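Here are some notes for a colleague opening this entry for the first time. Please keep the sequence and the structure side by side while reading.

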Amino acid sequence: MRTAIFVGSFDPFTIGHDDIAKRALAIVDKLVIGVGINEHKTYSRSAEERIGTIAQLYAGEPRIEVMGFSDLTVQFAKRVGAQFVIKGVRSVKDFEYEREQAEVNRQLTGLETILLCAQPQLANVSSTLVRELEHFGQDVKDFIPLPLGMVE
């Protein structure tokens, strides 16, 4: 069974993240979405809220599991039996950062990273953008995915 992790702070989980998760299912049998919990970082949503929202989103998809983690990505991957890390990249800047992380992870444990390029229409969507819009009272529903089977 090919298992991958898709990790991030997901504060919040956006339509871009959703697209990467769904596309990853075409190449792996199981995807574990790891919601990062870092005591040195400030989040706009609690870990429980981030995990719960994503779990609800994929409640109808048995190949996706959602859990929090507070250790290194390579340790999380080992704990869940993942052979791959899935990461989305929106720009050259993202690519360089993710390439560096991939090299370190591979050097530490041999864990391979699969980079999926954002679809052009989603390349401008980020959690930072959504938080900024929320801060100024803007409606962000177009940037947040609906649970499977729900239609607005």
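1. How many helices and strands are there in the chain? The model is a predicted one, and its chain holds 5 helices and 5 strands. Read from the N terminus, the order is β-α-β-α-β-α-β-α-β-α.

2. Start with overall dimensions. For 152 residues, a compact globule would have a radius of gyration near 15 Å, and the chain agrees because its own value is 15 Å. Along the principal axes, the C-alpha atoms fill a box of roughly 45 × 35 × 35 Å. Contacts in the chain with a separation of 6 or more come to 77% from residues 24 or more positions apart.

3. Next, surface and charge. Buried residues make up 40% of the 152 in the chain.

4. Which residues touch the most other members of the largest nonpolar core? They are Phe6, Phe13, Leu31, Ile33, Ile54, Tyr58 and Ile86, in a core of 19 residues. Strand 1 (3–8), helix 1 (15–24), strand 2 (30–36), helix 2 (47–57) and strand 3 (64–69) each give two or more residues to this core. A second core is separate and has 11 residues, among them Val7, Phe69, Val80 and Ala82.

5. Look at Ile54 in the largest core. Setting aside residues up to four places away in sequence, Ile54 touches Phe10, Phe13, Ile33, Val35 and Val66.

6. Is helix 1 mostly covered or mostly open? It is mostly covered, with 7 of its 10 residues buried. Those residues are Gly16, His17, Asp18, Asp19, Ile20, Ala21 and Ala24. Their cover includes strand 1, strand 2 and helix 2. It also includes strand 4 (84–89), strand 5 (112–117) and helix 5 (127–135).

7. The loop between strand 1 and helix 1 deserves a check. Phe10 lies in this loop. Phe10 is not a glycine, yet it has a positive phi of about 50°. Its relative accessible area is 3%, so Phe10 is buried. Pro12 sits in this loop too. The peptide bond joining Asp11 and Pro12 is cis, with omega about 5°.

8. Why does Lys87 count as buried? Its relative accessibility is 16%, and the cut-off for buried is under 20%, so Lys87 falls on the buried side. Lys87 belongs to strand 4. Apart from neighbours within four places in sequence, Lys87 is in contact with Val7, Glu98, Thr113, Ile114, Leu115 and Leu116. Val7 is also a member of the second core.

9. Ala55 is placed in helix 2. With a relative accessible area of 34%, Ala55 is partly exposed, because that class runs between the 20% and 50% cut-offs. How many Å separate the C-alpha atoms of Ala55 and Asp94? The separation is 26 Å, and the two residues are 39 apart along the chain.

Definitions and conventions:
Residues are numbered from 1 along each chain as its sequence is written. This is a predicted model: local features need pLDDT of at least 70, side-chain atom pairs count only at pLDDT 80 or more; totals for chains, interfaces and linings use all residues. Side-chain values use heavy atoms; hydrogens and water are left out. Helices (H or I, at least four residues) and strands (E, at least two) are DSSP runs, numbered from the N terminus. The radius of gyration is taken over C-alpha atoms; the globule rule is 2.2 Å times the number of residues to the power 0.38. Buried means under 20% relative accessible area, exposed over 50%, partly exposed in between (1.4 Å probe, protein chains only). Contact means heavy atoms within 4.5 Å. A nonpolar core is a set of buried Ala, Val, Leu, Ile, Met, Phe, Trp, Tyr and Cys residues joined through side-chain atoms within 4.5 Å.
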